[in-house]
Amino acid sequence: MIVIDREGAYSHIEREKLLDRVMGPDRFKKSSELIRAGRLPADGLAFVAHDGKHMIGTVRLWNVDAGNAGFALMLGPLAVEKAYNGSGVGAGLMYAAINAAYDSGHRAILLVGDPQYYARFGFTAAPAAGLAMPGYFDRHRFLGLNLDEDVLGGTSGVLSPTGRYQTH
């Protein structure tokens, strides 16, 4: 049975192994990584999927400053074991993350990803049109979702991390 739940305190090692298998080392070259590097995910907004004892999926949300829109969240990475592609695990993780963000009072979520895939969750390019990422990013893959009115409408600026720093 597949279970989606909040990430546990000791999930990070298994999560990193999953990301290595699914995304490979190129994941560290993405502009989104500049937002995540050295930071902790937003409180209570990191989710994993398990099939029995095995972690098969993950998604996290990160605190960011979205220019003149103020505070928002950055989603990613969303990763699912290849054997589970098309099974609904990714969608389950997305709905868990979006609903938890909304329930926690967050106003907007941004991400860099496949527009066709993320459209089903309400993400479009329009809310992110005036914003930029640090470093190189594919403009057509930079998407946003307003959780509260049109928070991202007419915004401008470069995303910057605001989340807590990791301590080792």
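Okay, let's start with D20: at 42% relative accessibility, this residue is partly exposed, and by that I mean between the cut-offs for buried (under 20% relative accessible area) and exposed (over 50%), using a 1.4 Å probe and protein chains only.

Quick word on what we're looking at. It's a predicted model, where local features need pLDDT of at least 70 and side-chain atom pairs count only at pLDDT 80 or more, while totals for chains, interfaces and linings use all residues. Numbering runs from 1 along each chain as its sequence is written, and side-chain values use heavy atoms, with hydrogens and water left out.

So who does D20 pair with? That's R27, in a salt bridge at 2.7 Å, N to O. For the record, a salt bridge here is a side-chain nitrogen of Lys or Arg within 4 Å of a carboxyl oxygen of Asp or Glu.

R27 also forms a salt bridge with E16, with the closest N and O atoms 2.9 Å apart. R27 sits in the loop between α1 (12-23) and α2 (31-36), and E16 is in helix α1, 11 residues away. Helices are DSSP runs of H or I, at least four residues, and strands are runs of E, at least two, numbered from the N terminus. R27 is buried at 6%, whereas E16 is partly exposed at 30%.

Next up, D148 and R107: another salt bridge, closest N and O atoms 3.9 Å apart. D148 is in the loop between β8 (142-146) and β9 (157-158), and R107 in the one between α3 (89-103) and β6 (108-112), so this pair ties together parts 41 residues apart in sequence.

Back to R27: shared partners join E7, R15, E16, D20, R27 and R60 into one salt-bridge network. The whole structure has 11 salt bridges.
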